[in-house]
Each structure stands twice: as structure tokens, then as C-alpha cells.
Amino acid sequence: MLANSRSGMRGSLRVRSTPSAVVRSSRSSRSSPRVAAAATTPSGADSKTGIKMMRKGVKEAADENILTPRFYTTDFEEMEELFGGEWNSQLNKEEMEAVLKEFQQDYNQRHFVRNDTFRAAADKIEGPARKIFVEFLERSCTAEFSGFLLYKELGRRLKKINPVVAEVFTLMSRDEARHAGFLNKALSDFDLALDLGFLTKNRKYTFFKPKFIFYATYLSEKIGYWRYISIYRHLQRNPDCQLYPMFEYFENWCQDESRHGDFFSALLKAQPQFLNTWESKLWCRFFCLSVYVTMYLNDHQRSAFYESVGLQTTEFNQHVIVETNKTTARIFPAVLDVENPEFFERCDKMVELNKQLSAIGASDAPDFVKSLQKLPILAGFASHLLALFFMAPVEAGSLDMESTTPAASASF
């Protein structure tokens, strides 16, 4: 549903270094006595979870597919042209400087401080729940680290072109690096770690044109806000489900996500052609559909995780999508009608189709047989996605949108 990975694009991402905070987290995880003592089977898998290991204490990265978190790159030369040319004159200078001052406050500088309860809680998570938690931490860490890589390179490339915008991107990369490092350190509580430097060099990068980066990252940040705040508020009301202390950090954490999204909304407002043409309406609907359906399918593949913290996966996902869509409607010119019953009915049908695909993939049938078995299922996916895309949209959007953090609804 998202663009395919591309290499060799002009201006493509070449990361010079990983952030020191994240590198320190990765290195400390490798040298931690707990990680060093992690038991493995003769086949090189972690004895407690069965997860494949790259080397002692470092897990093998999850296989990439259409639903896994991706690393993104863009045409950085076009970005330089945009921010150095007409965008310099169209950006609201006072608004950008106010945004920069907000990021410079670094409200969460001292927020991500761990304590002994992390390791103690991890030791109590056993069996299938332990593997589920590790998968959640890995996917979350990979997604946050992806944001760091993109924002860091944008900050570097735009430094001379537009210093104010460049510094905002750099400060956003600081936030993402902090999140990724915190998550990778959490993995060490489970005697594992991710080699983020290896991922930087070896993971495929998905190419998006600059305007698509703005649509996708805005949605990513805002849906991240609603996911974090919804989990946090649920666990505050149900403390018996608080299996791991990381969730207690989500209230402040999600404010980083919201601030990032507000920055992208300001960038979009500076380019009305990204919001007020018929093409922009189609692209906005496309990215809404891609982000919502990807999250819905991903989370239903891992219902056991949400159930382990007392959440009902379908209810949680529908709440997050509805609230994200309301927030997105403040800036996107058109959004999906997710409150039409047909929307989630088709999403649920795709969940069942996805289960069938997984069963085929896990079978012992020859590859050519699997390919034939998948054809009608993939056709079913295409049918549902097209039907959702061409549903009557909700006309929305306002170039005068106020940049505010939405309040979480009472149900979560």
C-alpha cells in the first residue's frame, strides 16, 4: 500500500552517523551483564522466546514485509529547492520561530529516566507474553529510529538553506533518537537488543517525494499521539494491567509526537497546492487509507499484546483511527469517512484475509502452490481497498487550523 523501496535516487539518504545517545544504548545493551548472560539454543535462538539472534545478546531484525516499519528517504535536492526558494517567502516566519522556541524548551529532557522497576517487571513477563512484548518493543524502536534518520538528514541538508526549519528537524531527530534509545534499552530488560547501526546500513529505504513525506509523517506523528495517549489513559484507569513501567512515560512522550505533527501541519499550510487541489485530496485519502489499514492489520496480528495490557484490539484500533481522522480533518482537504460502518466492516474482512495469507505462508506447500493460493486473497484485498478509497470522503481541512494538541476522548 505504500511506495516500494527505491535505491540510487538523486539526493537519497546517506546517514553519516548514528546518534550518540542511541549508540550508547546499543553498546550498553551489548555489554550489560544481563544481556551477556542471555541464554541461546544451539540454533542461535533466545531460549526464553525462540527469537533468532544475530549474535549474543543482539536479536536478528524482523523480516521486512509490507506491514513492517520502514525507513524513508526523499529527494533532498528538491527539499533544498523548496525551502530555499518559494517556501522561504511563504513560510510564516513568526510561526516558525515560535515552533523552534517550543522545541528548544525540550520539555522531556529529563523525562526518560529509568529505574529498577523496569528489569523487575520484565523478569515477571514469561511465556508467549514475553515474545509479544519483545516484538512490540522492536517494532516501536524501529519506527522511532526511522524518524530519527529522516529528520537528522533533513536538518543537515537544510542548515544553510533555511536555518530555522533545519534546527526544528534536528530537534525532532533528537526526540526520535531519545525514544529509540529508550526502547532499545527496554529490550535489554528482556536480555536482547537491536543493532541500530546495522539497520541503518542494511535496511531497505522507501522513497517518497517531498510532499508525500509531509502527508505520511504528519499522519504517522498524529496516529502515534493517539496510540500513546490512549494506552496511557487506559492503564491509568486499570493499574492492574500495567505489566511494564514504560507505559507510564506515554503521557509526556505523546506530546513529542503531537508537536512533530503540528510542525508538519505548519509546513503544509505554507504550500496551499498541497492541500487545495483535487490531486491533493486524492493523495490525502490514499495516505489516510494506507496508514489506517496498515495499523489495523498489524495490531490484529498481535492482538495478544493488547489483550495482555487489558485492551480489546478492535475497539482500541477503531478509537485511534476515528480520533486521528478527526485531528487530520483539521488540515487535510479530504479524509476517509471512518465513521461509516462500511469502513470497519471492510477492515475486519481484510483482517480475516490477512490470517489466510499468514496460514498459507506458514504451510509446507511448494512456493508456486502458495503463490496460486494467495491470488484470490490478494484480489480480495484489492477489492476492499478500492472500495474504501472510493467511498464518499469527508470534505475537510482549513488553512487557518489552530495548532493545538487534541484532548483524549473520555472512552480512553
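## A buried aspartate and its partner

Aspartate 106 is buried, with a relative accessible area of 13%. The structure described here is a predicted model. The side chain of aspartate 106 meets that of arginine 174 in a salt bridge, with 3.7 Å from N to O. This pair links distant parts of the chain, the two residues being 68 residues apart. Arginine 174 belongs to helix α8 (residues 163-188), whereas aspartate 106 sits in the loop between α5 (93-104) and α6 (117-124). Arginine 174 has a relative accessibility of 21% and therefore counts as partly exposed, since the buried class requires a value under 20%.

## Overall organisation

The chain has 412 residues, of which 54% count as buried. Its secondary structure consists of 16 helices and 6 strands. Among contacts in the chain with a separation of 6 or more, 84% are accounted for by residues 24 or more positions apart.

## The largest nonpolar core

In soluble globular proteins, nonpolar side chains tend to be buried together. In this model, the largest nonpolar core has 114 residues. The residues with the most contacts inside this core are Phe169, Tyr244, Met246 and Phe247. Helix α10 (residues 210-237) contributes the largest share of the core, with 15 residues.

Methionine 246 illustrates the contacts made by one of these residues. With neighbours within four places in sequence left aside, methionine 246 is in contact with Phe118, Phe136, Leu137, Phe182, Leu183 and Trp253.

## Salt bridges within helices

The count of salt bridges comes to 18. One of the pairs is formed by arginine 156 and glutamate 153, whose side chains meet at 2.7 Å, N to O. Both residues lie in helix α7 (residues 128-157), and because they are 3 residues apart, about one helical turn separates them. Glutamate 153 is buried, with a relative accessible area of 5%, while arginine 156 is partly exposed at 33%.

Another salt bridge joins glutamate 352 and lysine 355, with the closest N and O atoms 3.4 Å apart. These two residues lie in helix α15 (residues 341-362), where their spacing of 3 residues corresponds to about one turn of the helix. Glutamate 352 is partly exposed, with a relative accessible area of 41%, and lysine 355 is likewise partly exposed, with a value of 47%. Elsewhere, salt bridges that share partners join Glu80, Glu153, Arg156 and Arg157 into one network.

## A buried lysine without a salt bridge

Lysine 370 lies in helix α16 (residues 367-389). This lysine is buried yet has no salt bridge. The nearest side chain of opposite charge belongs to aspartate 367, which is 4.6 Å away.

With neighbours within four places in sequence left aside, lysine 370 is in contact with Ile360, Gly361, Ser363 and Ala365.

Conventions. Residues are numbered from 1 along each chain as its sequence is written. This is a predicted model: local features need pLDDT of at least 70, side-chain atom pairs count only at pLDDT 80 or more; totals for chains, interfaces and linings use all residues. Side-chain values use heavy atoms; hydrogens and water are left out. Helices (H or I, at least four residues) and strands (E, at least two) are DSSP runs, numbered from the N terminus. Buried means under 20% relative accessible area, exposed over 50%, partly exposed in between (1.4 Å probe, protein chains only). Contact means heavy atoms within 4.5 Å. A nonpolar core is a set of buried Ala, Val, Leu, Ile, Met, Phe, Trp, Tyr and Cys residues joined through side-chain atoms within 4.5 Å. Lys and Arg count as positive and Asp and Glu as negative; His and the chain ends are not counted. A salt bridge is a side-chain nitrogen of Lys or Arg within 4 Å of a carboxyl oxygen of Asp or Glu.
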